[in-house]
Amino acid sequence: MRSTESFVREAERWSAHNYAPLPVVIERGDGCWVWDVDGRRYLDMLSAYSALNQGHRHPAIVGALKDQADRLTLTSRAFHNDRMGAFLKALAEATGFTRALPMNTGAEAVETAIKAARKWGYEVKGVAEDRAEIIVCENNFHGRTTTIVGFSSESQYRDGFGPFAPGFRMIPHGEIDALEAAINENTVAFLVEPIQGEGGIVVPPDGFLSQAHDLCRANQVLLLNDEIQTGLGRTGRLFCGDWDGTRGDILIVGKALGGGVYPVSGILANDEIMDVFHPGDHGSTFGGNPLGAAVGLASLNVILDEELADRALDLGSWLMDRLRELDSPHVQEVRGRGLMIGVEIKAESGTARPFCEALKERGILCNDTHHHTIRIAPPLVIQRETLEEALPIFEEVLRPGAVA
Ligand SMILES: *Cc1c(COP(=O)(O)O)cnc(C)c1O
């Protein structure tokens with residue numbers, strides 16, 4: 001039998017070194033559990049950054065994938081297929097928008113939202129050519145394309161990748177006055193994560209998103225709501241913006257829309273915005289393909305049918321309360337919503353990575369985000385009893401002396 005080390009060595013030898021994964025080699029998954037090549041079982045409390053809200057290999061999603069794989073996988077948008085329409089109808093109805101534009105990865109969906117907002121700015125708002133501005137937040141994460149990293153505040157995401165696209169202006173996340181001050185006659189959009197995920201599970205003040213949307217409406221600015229990570233049940237509502245009563249003017253979805261089996265993303269908007277796109281303006285070879293559409297529809301239905309948002313709300317509040325009770329000297333703060341939880345480690349206790357390594361040794365897979373935060377985001381299908389069993393392990397690792 002091959003050892004973990006030999007798989008790691010092989011991957012390190014042949015891959016670009018753009019990641020530093022924990023040294024665990026996973027070969028099988030089921031629900032909230034995964035198994036490594038030595039047969040050890042781990043509780044997956046990362047869920048592939050919330051792309052696995054429905055758990056590993058949900059039977060309804062894998063079933064849809066297999067059925068569709070036996071019929072038709074790709075047509076390109078040069079032709080119609082018999083799957084895309086029903087998927088987009090269900091997605092639009094579930095989100096409350098009139099139209100959807102399907103893409104594959106999250107970054108592509110964000111790029112699509114940027115293009116839609118700019119074109120709307122020129123054609124509907126009347127901004128002068130090439131003057132459109134989009135306001136973004138410090139500490140944002142919207143993907144890895146050159147345009148997107150160009151407006152990141154994280155130097156590692158940018159360094160060496162310029163020159164970058166102009167037309168972005170940065171404000172602190174969650175500060176409504178800063179947003180108001182940044183808006184001018186060329187502003188076409190405000191792009192925001194309702195909770196910053198990669199930025200360290202940063203929750204803005206209550207009401208921020210609704211105030212931002214009011215401000216946007218008053219100034220003819222579009223609210224681009226990036227719910228790629230927060231959406232589809234993760235935060236205890238179908239969308240995180242629902243906590244504030246808004247889904248934005250363009251809703252950006254991805255990750256769990258593919259149920260962890262296939263990349264499916266897209267944007268949702270009403271006619272006034274989506275009508276800026278005409279044949280040939282924008283596209284993707286795989287966007288809207290029948291395999292992705294079948295998987296996307298099944299993935300969405302699992303979220304709705306199994307009421308995963310409600311589960312995230314109940315289990316998340318329970319877990320956050322218990323984590324706060326642990327009263328560890330290493331913990332600065334426990335924050336989040338639903339099952340999107342960050343445990344921030346105090347600066348004097350070092351980074352979150354050794355804590356994640358210690359959790360891995362004890363059968364729990366988490367990851368560290370923004371250096372000091374342990375991200376806890378299990379599949380939403382997880383059982384209360386499983387969380388109860390995981391809790392003493394967190395307690396042990398966060399106890400003085402276990403790691404630091
Ligand atoms: C993951 C993520 C993206 C990028 O998605 P990819 O599929 O990795 O391109 C964009 N925005 C947010 C908020 C994300 O969490």
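1. Strands in this note are DSSP runs of E of at least two residues, and helices are runs of H or I of at least four, both numbered from the N terminus. The model is predicted, with local features requiring pLDDT of at least 70 and side-chain atom pairs pLDDT 80 or more, while totals for chains, interfaces and linings use all residues. Residues are numbered from 1 along each chain as its sequence is written, and side-chain values use heavy atoms, without hydrogens and water.

2. T187 belongs to strand β7, which covers residues 187-192. T187 counts as buried because its relative accessibility is 0%, the limit for buried being under 20% relative accessible area with a 1.4 Å probe and protein chains only.

3. Leaving aside residues up to four places away in sequence, T187 touches K125, E133, I135, A182, Q220 and V221; contact means heavy atoms within 4.5 Å. Between T187 and K125 there are 62 residues of sequence separation and a C-alpha to C-alpha distance of 9.6 Å.

4. A separate matter is the second largest pocket, whose lining comprises 22 residues, with R77, M84, A100, L101 and P102 nearest its centre. Lining residues have an atom within 4 Å of a point of the pocket, which is an open set on a 1 Å grid over the protein atoms alone, with protein on both sides within 12 Å along at least five of seven lines.

5. Both α4 (84-95) and β4 (99-103) supply at least two residues each to the lining of the second largest pocket, and β4 gives the most, with 5 residues.

Key: Buried means under 20% relative accessible area, exposed over 50%, partly exposed in between (1.4 Å probe, protein chains only). On a 1 Å grid over the protein atoms alone, a cavity is a set of points where a 1.4 Å probe fits but cannot get out, and a pocket is an open set with protein on both sides within 12 Å along at least five of seven lines; lining residues have an atom within 4 Å of a point.
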